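Please look over the model first.

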Amino acid sequence: MRNAIISILLFLLTMSCVYFLNKSVISLCDNIEMQTEDIELNIASDKMEDAYYQSLELLNTIQDNNVLTSLYLSHQEFDNLLNEALRLSTYLVHKDSTEAHTSLHLVKHNTDHLKKLQSPNFENIF
């Protein structure tokens, strides 16, 4: 009887951790999407300095959540997102709007991909 109770408690603990981590990853992705929209507006209106500072905030947001998300996500997926955010800030320093747009859209694509990986469906389960 004790083994059954321990098993049920471990299952509930695991499911609550998965729920919490899933919610935090989706929240991080939503936050990144909002920040990238602001950066895109600044690049389009040729405010490269403002876009650069916002890209640094984006990079800090991704790095601050590195510990929690690296426990739950694939390192390769998260590292791709981090690398593109770093490239974005580098392109904005050099005021290269074309490459900055490209890098920004790659950040958006990687964020969408991470959100799709978190949705429970047959493709992700199998």
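Helices here are DSSP runs (H or I, at least four residues), numbered from the N terminus. This is a predicted model, in which local features need pLDDT of at least 70, side-chain atom pairs count only at pLDDT 80 or more, and totals for chains, interfaces and linings use all residues. Residues are numbered from 1 along each chain as its sequence is written, and side-chain values use heavy atoms, without hydrogens and water.

Buried (under 20% relative accessible area) in helix 2 are Met48, Ala51, Ser55, Leu58, Leu59, Thr61 and Ile62. Seen down the helix 2 axis, they fall within an arc of 155° (from the directions of axis to C-beta atoms), so they line one face. They pack against helix 1, helix 3, helix 4 and helix 5, with contact meaning heavy atoms within 4.5 Å.

The expected span is 1.5 Å times one less than the number of residues.

| Helix | Residues | End-to-end C-alpha | Expected |
|---|---|---|---|
| Helix 1 | 43 residues | 63 Å | 63 Å |

Asp46 follows helix 1, with a positive phi near 60°.

Rings of Phe, Tyr and Trp (its six-membered ring) pair if their centres lie within 6.5 Å; planes under 30 degrees apart are stacked, over 60 edge-to-face, the rest tilted. The count is one aromatic pair. Tyr52 and Tyr53 form this tilted pair, at 5.6 Å centre to centre and 55° between the planes.

Conventions:
Helix = DSSP H or I, 4+ residues; strand = E, 2+ residues; numbered from the N terminus. Buried < 20%, exposed > 50% of the residue type's maximum accessible area, 1.4 Å probe, protein only.
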